[in-house]
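This note is written for a colleague who is meeting the structure for the first time. Please keep the model open while reading the numbered points.

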Amino acid sequence: MSTSKGLEGVIVAETDITSIVNDQLTYVGYEIDELTNQASFEEIIYLLWHKQLPNQEQLDQLKKQLYDEMKLSDSILDQIKQMNVKDAHPMSILRTAISLLGVYDAEVDDLSEEANLRKAIRLQAGVATIITSFSRLRQGKQPIKPKLEYSYAENFLHMLKGEDVDPLEAEAFNKALVLHADHELNASTFTARVCVATLSDLYSGITSAIGALKGPLHGGANEQVIKMLMEIGEVNRAVPYIKEKIVNKEKIMGMGHRVYKTGDPRAKHLKEMSKKLTAKAGEEKWYQISVAIEDYIKEEKGLPANVDFYSASVYHCMGIDHDLFTPIFAMSRTSGWVAHMLEQYRNNRIIRPRAEYIGPTSQVFKPISER
Ligand SMILES: CC(=O)SCCNC(=O)CCNC(=O)[C@H](O)C(C)(C)COP(=O)(O)OP(=O)(O)OC[C@H]1O[C@@H](n2cnc3c(N)ncnc32)[C@H](O)[C@@H]1OP(=O)(O)O
Ligand SMILES: O=C([O-])CC(=O)C(=O)O
């Protein structure tokens, strides 16, 4: 048996959802650049779940379904209020609240495609309401209802902030949702697929995936990036700060990728939005510090910025709390997790690799009195 640490380069599934070839990313065969510049997040949800772009009627129906499911029941809201909302990390709250949605779904164990698509809508809508309601509750404010005329991105910002939505922020946020929607067999998507390959349910799959996304080597990196930018504080401190980290053999968050070697094609879009939004907010230094880090790491270590790097300054300049950055990633990625779980159910076999045993052998058991 040969091992591949971290399963690097191992192909364990065929998929017709997302492809990464020569550092080019496509969703169902559409180039990510084209989708980012032209598509709404709702069109991406439809594309990932149905493998085709929606027509106007299909899109309107999806938007209405999402809007209808964006109202959380009082019992779920009451239980969120009972959680440790002041101190717990929002990813822990989200993981628990998504699991609760499954507790209240009568068709939780109906694994038919029709039931799974209904559950998918509840999950995709619920994740937005959970994050925004929780965020308002911990500030002592009441949750805000969605608006039918708003897009998914606009509704999230509206339900979070309780204000009219700024068009540039809505554009940036929609792009971020499109860019984070799916990414082949990343760690959280693989986790979701492993979970449902036992024929467990969709809520369990998303709950497991949120747990995997939370870590700083994966989705949790975006929160670590903003922490780093805040610690650096001024542009002239960026390079000395990074040099010290490298000397101490610490990883620079938002840099490097398992699959991309020349560059993450999503990063440039977020970089562009970071430039625009930091300028609008009069906080250009976050963009300038980010560019200084990116250039230095590229030159010194040959590592590219990944999707988590520039999303940090984008969300910061939109006034979003830093600990909500990873939940926002989860909100977008719910669309991809669902698509992959549907694919797994359609052609399922339990996922059960092997490990090579390297521990002691031929041990003789001694009763506890002799140990
Ligand atoms: C949405 C996402 O999940 S994107 C990734 C988000 N995660 C991060 O940004 C965290 C920082 N990055 C990393 O930890 C890694 O690059 C990962 C987890 C993304 C990929 O990990 P792997 O493919 O296992 O690469 P691995 O960690 O083995 O790194 C290979 C080499 O590059 C170095 N390296 C990789 N990333 C970084 C980094 N961010 N900073 C400094 N050095 C790095 C490693 O130290 C290692 O060097 P060595 O060969 O001299 O020991
Ligand atoms: O693919 C990966 O390993 C991580 C990543 O970029 C993502 O999940 O978007």
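1. Basis of the model. This is a predicted model, in which local features need pLDDT of at least 70 and side-chain atom pairs count only at pLDDT 80 or more, while totals for chains, interfaces and linings use all residues. Residues are numbered from 1 along each chain as its sequence is written, and chains are lettered from A and ligands numbered from 1 in the order in which they are written.

2. Confidence. The protein chain has a mean pLDDT of 97, and 100% of its residues reach 70 or more; pLDDT is the predictor's confidence in each residue, from 0 to 100. The model's ipTM is 0.98 and its pTM is 0.98.

3. The sheet. Three strands form an open sheet in the order S1-S2-S3, paired antiparallel. Strands (E, at least two residues) and helices (H or I, at least four) are DSSP runs, numbered from the N terminus, and two strands pair if DSSP finds at least two bridges between them. S1 and S3 (30–31) are at the edges with a single partner strand each, so one side of each has no neighbour in the sheet.

4. Pairing within the sheet. S1 (residues 18–21) and S2 (residues 24–27) are joined by 4 bridges, and Ser19 has Thr26 of S2 as its bridge partner. Thr26 is also paired with Glu31 in S3, where S2 and S3 share 2 bridges in the antiparallel sense. The hairpin of S1 and S2 has 2 residues between the strands, and Asn22 there takes a positive phi near 50°.

5. Annotated positions. Which residues does the UniProt annotation "active site" cover? According to this unreviewed entry, they are His257 and Asp308. They are spread over 52 residues of sequence but cluster in space, with a largest C-alpha distance of 10.5 Å. UniProt positions are given in the numbering used here, feature names are shortened, and annotations may be inferred rather than shown by experiment.

6. His257. This residue is found in the loop between helix H12 (238–247) and helix H13 (267–280). His257 counts as partly exposed because it has 19 C-beta neighbours inside 10 Å; the classes are buried at 20 or more other C-beta atoms within 10 Å, exposed at 12 or fewer, and partly exposed in between, with C-beta atoms placed from the backbone. Not counting residues up to four places away in sequence, His257 touches Asp264, Pro304 and Asn306, a contact being two C-beta atoms, placed from the backbone, within 7 Å.

7. Asp308. Is Asp308 buried or exposed? Asp308, which lies in helix H15 (residues 307–317), is buried because 29 other C-beta atoms lie within 10 Å. Leaving aside neighbours within four places in sequence, Asp308 contacts Ala221, Asn222, Val225 and Gly254.

8. Ligand 1. Of the 18 residues around ligand 1, Ala221, Lys251, Met255, Gly256 and Arg258 come nearest; a residue is near a molecule if its C-beta atom, placed from the backbone, lies within 6 Å of it. The shell divides into 7 nonpolar, 7 polar and 4 charged residues, where Ala, Val, Leu, Ile, Met, Phe, Trp, Tyr, Cys and Pro count as nonpolar, Asp, Glu, Lys and Arg as charged, and the others, Gly among them, as polar.

9. Ligand 2. His183, Asn186, Arg258, Val259, Asn306 and Val307 surround ligand 2. By class, this shell has 2 nonpolar, 3 polar and 1 charged residues.
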